[in-house]
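This report looks at a few contacts within one protein model. Keep the sequence and the 3D view open while reading.

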Amino acid sequence: QVHLVESGGGLVQPGGSLRLSCAASGTIFSIDGMGWYRRAPGKRRELVATITNDHRIDYGDSVKGRFTISRDNAKNTVYLQMNNLKPEDTAVYYCTAEIWVAVTSDRGRYWGQGTQVTVSS
């Protein structure tokens, strides 16, 4: 079984920073792409950032220049550094990863439970 566990969300004032972490655990053989999506109330799920296992990166237009995604392959962990946060960044942030499961050799996309980020004064 595979799990993704996010941490680091919370309440921050506009202009502030937060760092999200997401650790994958379980019977993992290897991890391909990892990333972050978000969903604000009443809106569709939105791409935040993705990173491949060789560190090719893509960002959603609304976060370019403010957010930075990174990963530590040895720890099966992906990070999202969020700077200059705006009220419109308020959303539930979900971690996702494409994981090859050991023993079964199945590959699937897994999601975390989500972590709330609220940007408000």
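## Charges over rings

The charged end of Arg19 sits over the ring of Tyr79, 4.1 Å from the ring centre. A charge counts as sitting over a ring if NZ of Lys or CZ of Arg is within 6 Å of the ring centre and within 35 degrees of the ring normal. Arg45 is placed over the face of Tyr37, with 5.3 Å to the ring centre.

This is a predicted model, in which local features need pLDDT of at least 70 and side-chain atom pairs count only at pLDDT 80 or more, while totals for chains, interfaces and linings use all residues. Residues are numbered from 1 along each chain as its sequence is written, and side-chain values use heavy atoms, with hydrogens and water left out.

Strands of a sheet pair through backbone hydrogen bonds, either parallel or antiparallel. In this model, four strands make up an open sheet in the order 1-3-8-7, with antiparallel pairing. Strand 1 (2-7) and strand 7 (67-72) are the edge strands, each pairing on one side only. From one strand to the next, the twist averages 15°; axes are lines fitted to C-alpha atoms, for helices over the stretch in contact, and angles run from 0 to 180 degrees between N-to-C directions. Strands (E, at least two residues) are DSSP runs numbered from the N terminus, as are helices (H or I, at least four). Two strands pair if DSSP finds at least two bridges between them.

Which residues face each other as bridge partners? Strand 1 and strand 3 are antiparallel and share six bridges; Val5 has Ala23 in strand 3 as its bridge partner. Six bridges also join strand 3 to strand 8 (residues 77-82), again antiparallel. In strand 8, Tyr79 is the bridge partner of Ser21, and Val78 is that of Cys22.

## The disulfide

How many disulfides does a search of the whole structure find? The search finds one. A disulfide is a covalent bond between the sulfur atoms of two cysteines; here the term is applied to cysteine sulfur atoms within 2.5 Å. The sulfur atoms of Cys22 and Cys95 are 2.0 Å apart. This pair links distant parts of the chain: Cys22 is in strand 3 (residues 18-26) and Cys95 in strand 9 (residues 91-101), 73 residues apart.

The link of Cys22 and Cys95 is left-handed, with -75° about the S-S bond. Both cysteines, Cys22 and Cys95, are buried. Buried means under 20% relative accessible area, exposed over 50%, and partly exposed in between (1.4 Å probe, protein chains only).
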